[in-house]
Amino acid sequence: MRPVALPDFPWDSLAGPAATARSHPGGLVDLSVGTPVDPTPDLVQRELVAAANAPGYPTTHGTPALRQAVVEWFARRRGVPGLDPEAVLPTVGSKELVALLPSLLGIGAGDVVVHPRIAYPTYDVGARLAGATPVAADAADVPVLGSEEVSLIWVNSPANPTGAVLDVEQLSRLVSWARERGAVVASDECYAELVWGDDPAPSILDPRVNGGSAEGLLALYSLSKQSNLAGYRAAFAAGDPALIARLLQVRKHAGLIMPEPVQAAMTAALGDDRHVAAQRERYRSRRALLQGSLSSAGLVHDGGDAGLYLWVRASDRPGTTSAELVDALAARGILVAPGTFYGEAGDGFVRVALTASDERVGAARERLSQGSLFA
């Protein structure tokens, strides 16, 4: 059996610009990866420590307390009442499930996995790992795919990297189309608590979207961003009980289990909205500072009003490539991710993460205030 051909890991290609940015007299400002830098909330740390004596194997399905906390969180924060606790499954971070979902669902050769045109690259990688064919198409374009044997459709709203949000009507139309063809819709919603406008991002499990039935639907969520728990690998999937049962069966056999102390910490995090609101305001402040500073350097955010990133292009220099933008910012000691990491349609853009300390964001602001990058 031949190994699956995978693309190079994108961030490995940033070694050159990273070295340039690191040589800046004021040091590197790394806005390339969305890894949290603020402290993990005290209440979460306390629960982790309290549950540290865990000599036995944890349950793959998650503790009843954790699954109930997810149910209550969906009702309280996402407008999804009455979710069945049996239809909740903790995962070891959300990335592993994104990468493995096609394989876990038995999707393979001859099947098509659809993901957004500008998207997190792991959707594509997961399809390839399963032997399926990845196809890039946005939600509005999926219904015109014709005779493609679509088995799985990925939705990401709010989107990484653009910050775009799909509304109830767009999601509902996609769900109806998928159900007519027996396709699963998997919605990656890990930025749902980071919406900067007035309207929340609807979940795929919202009754307004799905008519009150979770059939054929999965929502994925991670606490990495809202609670600074990236190091805990704390995430979950929820939705169609039959799909969750299938995932649970395979994960039992494979030993894909969230450690019990992390389950306890995650339960505490889901029950507390105050730390989430505080973290959201930190990101809101950093976003405003960076967006204004980028504008003074001749760059403009051309994405949506949500998420953890700014999707940036040169405002007065048409044709500027992603690589040129990365190099120009690296010359000022700022490292960002090229838009091409997220598909060919991303060329001409860079993704600027909000995950840097206030001090580093201040340093970026000072450097960007020196004027246009291409003056």
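## Strand β7 and its sheet

β7 and strand β8 (residues 234-239) pair in the antiparallel sense over 5 bridges. Two strands count as paired if DSSP finds at least two bridges between them. Strands are DSSP runs of E, at least two residues long, numbered from the N terminus.

The model is predicted: local features need pLDDT of at least 70, side-chain atom pairs count only at pLDDT 80 or more, and totals for chains, interfaces and linings use all residues. Residues are numbered from 1 along each chain as its sequence is written, and side-chain values use heavy atoms, with hydrogens and water left out.

β6 and β7 run parallel. Asp188 stands opposite Leu220 in β7. β5 and β6 are parallel too, and Ile153 has Val185 in β6 as its bridge partner.

| Strand pair | Sense | Bridges |
|---|---|---|
| β5 and β6 | parallel | 5 bridges |
| β6 and β7 | parallel | 4 bridges |
| β7 and β8 | antiparallel | 5 bridges |

These strands belong to an open sheet of 7 strands with mixed pairing, in the order β2-β8-β7-β6-β5-β3-β4. β2 (88-92) and β4 (133-136) are the edge strands, each pairing on one side only.

Buried means under 20% relative accessible area, with a 1.4 Å probe and protein chains only. In a regular strand, side chains alternate between the two faces of the sheet. One side of β7 carries Leu217, Ala219 and Tyr221, the other Leu218, Leu220 and Ser222, and all are buried.

Note on methods. Buried < 20%, exposed > 50% of the residue type's maximum accessible area, 1.4 Å probe, protein only.
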